Amino acid sequence: MSDNAKLIYDGQEYEFPVVTGSENESAIDIAKLRGSTGLITLDPGFKNTGSTSSAITFLDGEEGILRYRGYRIEDLAEKSSFLEVAYLLIYGELPNQSEYENFTKEITHHTLVHEDIKKILEGFPSNSHPMGVLSSLICALTAFYPDSLVPNRSEEEINLSIVRLIAKMPTFAAWAYKNEVGHPVNYPDNQLDYCSNFLKMMFALPAEKYDADPVVASALDKLLILHADHEQNCSTSTVRVVGSSQASIYASISAGINALWGPLHGGANQSVIEMLEAIKADGGDAKKYLDKAKDKNDPFRLMGFGHRVYKNFDPRAKIIKKAADEVLGKLGVNDPVLDIAKELEYAALNDQYFIDRKLYPNVDFYSGIIYRALGIPTEMFTVMFALGRLPGWIAQWKEMRENGEPIGRPRQVYVGANEREYVSMNKR
Ligand code: CMC
């Protein structure tokens, strides 16, 4: 295959290099396009635009393949742990025993947050959505660790920020929930593993003894692994773009949390359960909702279906569907919403509209069902996604910085009014 792509414009021919990645995907490098032709490219939603070269996650949407640093998601979900995967994503290799122990020890050591954070938390109305609270508390870390505002920090200083983020995120997430339900916050318990500690901070009450169920902790760990990275999606691109302005790592991650919140991105897991509940309340007629989703005059979309990149089964959805069956079985939960989900999936996969558009269930279709079985309330689903995605955001932020990437600043084609004279108010 040629190393160059040719463009003919206005009778002139231009050549641009073709860049090939390690899995043979190719891209036209248009860095010199505007300089040589005066043209820019126009690609709303970045459907055909690569923003970076990255060595973190490989995704083949046609084949349904997902790998972190070369390791298959299926293997990591089955054999690894969330903190091991976090290390892999951030530092590029699986840790050996002592690297893993040090990393875990450091994270466990930093779980406590400054007492003044509680004052910020108390300022939020009790019905605040936990995603808004979480992003605010993460951003507030810039005030507690102002050194993070300095652009050219040493590797050691950055590693400390990374450890703080992974350590404190479960504390903030659990506290955001406690604020919502009006319960006193729980402090971290450093005797516990990452997920059991989070569950305890979230569910323990002063009046009762609480021990995290190992089935629940292990299912949560798996879900976090499945969400840990997904290359240049909306929230990750947000983290990289905000970070490219040399904003603090805490501010960059906080921005990513806000991008994740939307129902077309991470917020879909909450929307899926709300949709399944609505179908159940409406008599359980899956076909009726399938027809609504196909009707171009109806804004309704089948939540948890379709993906910008996957035009095949989302491999994470396959793992989660199996895990949902196992977890519900182990916990003895019988959720009628699971039956509706299965019926809807079957109907959609056999429907020409969904077949033609290659719309398959995505990661969010079944994750909400497991979260529900684990006792996690609906409005916390996207917070769980954020907890999982954190190492991916960090790894991508770190890579962007190490690559010395320039500030992210897209161009536009202006279609507004041409120059005109100012008209004073009394003449309008
Ligand atoms: N229900 C009904 N029709 C759909 C759906 C859906 N869920 N998703 C896409 N379509 C149709 C869409 O109407 C369009 O049809 P047509 O070609 O006739 O105009 C076609 O499929 C292509 O859709 P698109 O909106 O151009 O595709 P996109 O790549 O811009 O959007 C998406 C991807 C995920 C935003 C979209 O599929 C969607 O809104 N899905 C529901 C929300 C959801 O589950 N989001 C979670 C994504 S996975 C978690 C994550 O990583 O964020």
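**Hairpins and sheets**

Guide: The hairpin of β5 and β6 has two residues between its strands, and R69 takes a positive phi near 50° there. This is a predicted model, in which local features need pLDDT of at least 70 and side-chain atom pairs count only at pLDDT 80 or more, while totals for chains, interfaces and linings use all residues. Residues are numbered from 1 along each chain as its sequence is written, and side-chain values use heavy atoms, with hydrogens and water left out.

Visitor: What makes β5 and β6 paired strands?

Guide: A strand is a DSSP run of E with at least two residues, and helices are runs of H or I with at least four, both numbered from the N terminus. Two strands pair if DSSP finds at least two bridges between them. Y68 has Y71 of β6 as its bridge partner, and R67 stands opposite R72 in β6.

Visitor: How many bridges join β4 to β5, and what lies between these strands?

Guide: Four bridges join β4 (residues 57-60) to β5 (residues 65-68), and the two strands run antiparallel. They form a hairpin with four residues between them, and in its turn G64 has a positive phi of about 70°. D60 stands opposite I65 in β5.

Visitor: Why are β1 and β3 placed at the edges of their sheet?

Guide: That open sheet of three strands has the order β1-β2-β3 and antiparallel pairing. β1 (4-9) and β3 (26-28) each have a single partner strand, so one side of each is left without a neighbour in the sheet. Direction ignored, neighbouring strands of this sheet are turned by 30° against each other on average. Three bridges join β2 (residues 12-20) to β3, and V18 stands opposite I28 in β3.

**Helices**

Visitor: How do you know in what orientation α6 and α11 lie to each other?

Guide: Axes are lines fitted to C-alpha atoms, for helices over the stretch in contact, and angles run from 0 to 180 degrees between N-to-C directions. The axes of α6 (residues 130-144) and α11 (residues 249-261) come within 7 Å and cross at roughly 170°. Angles under 35 degrees count as roughly parallel, over 145 as roughly antiparallel, 65 to 115 as roughly perpendicular and the rest as oblique. The two helices are therefore roughly antiparallel.

Visitor: Which residues of α6 and α11 meet?

Guide: Contact means heavy atoms within 4.5 Å. Among those that meet are L134, I138 and L141 in α6, and I253, I257 and W261 in α11. The contact has 11 nonpolar, five polar and no charged residues; here Ala, Val, Leu, Ile, Met, Phe, Trp, Tyr, Cys and Pro count as nonpolar, Asp, Glu, Lys and Arg as charged, and the others, Gly among them, as polar.

Visitor: What does E84 touch?

Guide: E84 lies in helix α3 (residues 82-91). Leaving out residues up to four places away in sequence, E84 touches L94, P95 and Y100.

Visitor: What makes a space a cavity, and what makes it a pocket?

Guide: On a 1 Å grid over the protein atoms alone, a cavity is a set of points where a 1.4 Å probe fits but cannot get out; a pocket is an open set with protein on both sides within 12 Å along at least five of seven lines, and lining residues have an atom within 4 Å of a point. The structure holds one cavity of 30 Å³ or more. The residues lining the largest cavity include H307, Y310, D314, K358 and P361, and the lining has four nonpolar, four polar and two charged residues.

Visitor: Which residues lie nearest the centre of the second largest pocket?

Guide: P151, G243, Q246, M400 and R401 do, out of 17 lining residues. α10 (234-244) and α18 (381-402) are the elements that give two or more residues to this lining, and α18 gives the most, with three. The lining divides into seven nonpolar, seven polar and three charged residues. The pocket holds about 240 Å³ of space, a volume being the space filled by probe spheres set on grid points joined across faces, edges and corners.
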